[in-house]
Amino acid sequence: MPANTAPATLHLHIAARETVAELRVPGGEGQRFVLPIGCETLWPAPGHSGPSPLALENAIQTVEDQIEGLHRHVPAGSRLVVDAQTLAPLQHAGAIRGLVNGAIGLAVIEHEYQQLAARAMGAPSARGSGFEHAAGDALVLILRECLHHLGFDAVHLAA
């Protein structure tokens, strides 16, 4: 009988106040991590016109601090997986157009992050990205940091 060749997956459930990361390794025992970061924890939402440069830098550090411990648990070749409900803030007004074969590539998330960073710096050309609200901005940041620091090349939609 052939060995199970399915990759390990890290399922992220990003909610308002926390992120639950579930590591599933075929043939192994799953692990669950609860991180105190979410779509409403990185910067204030009232009158949200985007975070300031300082708020963005602080949020990056906060997310990095929370996910750094995950790296040693995630096997090479794993896939980052989220469900459609988690991605809802990014699909506001069609903001994420890079969904290909059930995945959003690192380059697409990085582009959206660059738009967020440009808005934080006050660049008028970065307005109108489609999801200029706190939840979408926070989600972009969390996904970007997970992709970069945990070694993923795409965010896959759960089947």
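Predicted model: local features only at pLDDT ≥ 70, side-chain atom pairs only at ≥ 80, totals over all residues.
In soluble globular proteins, nonpolar side chains tend to be buried together. In this model, the largest nonpolar core contains 40 residues. Those with the most contacts inside the core are Leu10, Leu12, Leu42, Trp43, Leu56, Leu141 and Leu143. At least two core residues come from each of strand 1 (9–14), strand 2 (19–24), strand 3 (31–35) and strand 4 (79–82). Helix 1 (53–67), helix 3 and helix 4 (134–150) also supply at least two each. Helix 4 gives the most, with 10 residues.

Beyond its neighbours within four places in sequence, Leu12 touches Thr19, Val20 and Ala21, among others. Its contacts also include Leu80, Val81, Val82 and Thr86. Leu143 and Cys146 complete the list.

Helix 1 packs against helix 4 at an angle of about 50°. The two axes lie 10 Å apart. The helices are therefore oblique to each other, and their crossing is right-handed. Helix 1 makes the contact through Leu56, Ala59, Ile60, Val63, Glu64 and Ile67. Helix 4 uses Leu141, Ile142, Glu145, Cys146, His149 and Leu150. Of the residues in this contact, nine are nonpolar, one is polar and two are charged.

Ala117 belongs to helix 3, which spans residues 106–120. Ala117 counts as buried because its relative accessibility is 17%, and the cut-off for buried is under 20%. Ala117 and Glu57 are 60 residues apart along the chain. Their C-alpha atoms are separated by 9.5 Å.

Conventions: Residues numbered from 1 in each chain as written. Heavy atoms only, no water. Helix = DSSP H or I, 4+ residues; strand = E, 2+ residues; numbered from the N terminus. Buried < 20%, exposed > 50% of the residue type's maximum accessible area, 1.4 Å probe, protein only. Core = buried A, V, L, I, M, F, W, Y, C linked by side-chain atoms within 4.5 Å. Contact = heavy atoms within 4.5 Å. Axes fitted to C-alpha atoms, helices over the stretch in contact; angles between N-to-C directions. Parallel < 35°, antiparallel > 145°, perpendicular 65-115°, else oblique. Left-handed = near helix turned anticlockwise from the far one by under 90°. Nonpolar A, V, L, I, M, F, W, Y, C, P; charged D, E, K, R; others polar.
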